Amino acid sequence: MKGRRILRQGLTLLLCVGLFAAFNGSMYLLLTGRLANNFSGATRAQMVDVGAYLPHEPDSDLPRIEAGLELTGELPVLDGAAALVPVYAAVIDNLYPEGSVTYVGGTFSDDNYYGENFAPDSKMQYRNTVRGYRAVVDGDCDILFCAAPSAEQKQYAADAGVELIYLPVGREAFVFFVNADNPVDDLTVEQVRGIYGGEYTNWAQVGGPNRIINPVTRLEGSGSQTMMEAFMKGQPMGGKSLFAVTGGSIGFSFRYYLAGMVDNPGVKMLALNGVYPDADNIRDGSYPVVAEFYAIYRADNANPNVPLILDWLLSAEGQSLIEACGYVGVQEK
């Protein structure tokens, strides 16, 4: 009797071991094995370190030029998108007097990348696109540097009875990027639309390896997400497989934000229709997806320094600053 009980216990133990081994083996085949060769993680969005672009700080990554304009009096509050922090920070650095940018507690805190540590009286703020559009409509900032607004952001201004003026001051490429280990270097515009529309779900369908495609999107109302919706030209973005995370991602952003600010060596930008998104190809129009970015302000803004800044941004000096920040100007050289 005792021997049978020991035998049953032994068989039960062996069965448990076998089931555990089978489970682990299946998990390896379905998930771990795929992830071992995946190239997805580096395409996730990253925050910009605003602390690297603080005006009037000697170590800031901001270009300095000999500007012929020096502002005094009522200084406009500048705000904007993450991708354009270098532009409006450089405007303040070159045109505003020292002391116009202040921080809560007197120093910039590295643990807050969304800019709440700018003091309320600071002439530089960082609310990013979604909150920035609300700020310019509500009168909390004078000039917002952003890409084109979403339908919801336009509606917010209309509901408030506010007319916004959109002044193009620079151009930038809208880019698609993948992990550096992904062998795909070039896609057509239609292939990218097909990926985000759900037509292509495996990299092998567009000349790559046999890996599921994980098309990554961004926050609703962000500049890049609004641009992506415009890029799709009315085609809805399809759902994706539950296993997409085990494959290879594709993401989208603006060129300089990705290459100059985040500068992640683990990702690479793709050529579109055989054209790589560099400054020369933006300037000559050969890269197929180029967007203007804007200095946005309320039509009823009475601050006399606002038109001075706007005119200066379109001058040779202002355009040279935009180029020095890593973007492409709107004025012909």
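Strand β2 (residues 143-146) runs antiparallel to strand β9 (residues 290-298), and three bridges join the two. Here Phe145 has Ala295 of β9 as its bridge partner. Strand β3 (residues 164-179) is also antiparallel to β9, through nine bridges. Strands pair if DSSP finds at least two bridges between them. Helices (H or I, at least four residues) and strands (E, at least two) are DSSP runs, numbered from the N terminus.

The model is predicted: local features need pLDDT of at least 70, side-chain atom pairs count only at pLDDT 80 or more, and totals for chains, interfaces and linings use all residues. Residues are numbered from 1 along each chain as its sequence is written, and side-chain values use heavy atoms, with hydrogens and water left out.

The structure holds eight salt bridges (a side-chain nitrogen of Lys or Arg within 4 Å of a carboxyl oxygen of Asp or Glu). Arg64 and Asp93 form one at 2.9 Å, N to O. Arg64 lies in the loop between α1 (2-36) and β1 (78-80) and Asp93 in helix α2, so the contact ties together parts 29 residues apart in sequence. Asp93 is buried, at 9% relative accessible area (buried means under 20%, exposed over 50%, partly exposed in between; 1.4 Å probe, protein chains only). Arg64 is partly exposed at 45%. In α2, eleven of eleven residues are buried.

A salt bridge of 3.0 Å, N to O, joins the side chains of Glu172 and Arg255. Glu172 belongs to strand β3 and Arg255 to helix α7 (residues 255-262), so parts 83 residues apart in sequence are tied together. Both Glu172 and Arg255 are buried.
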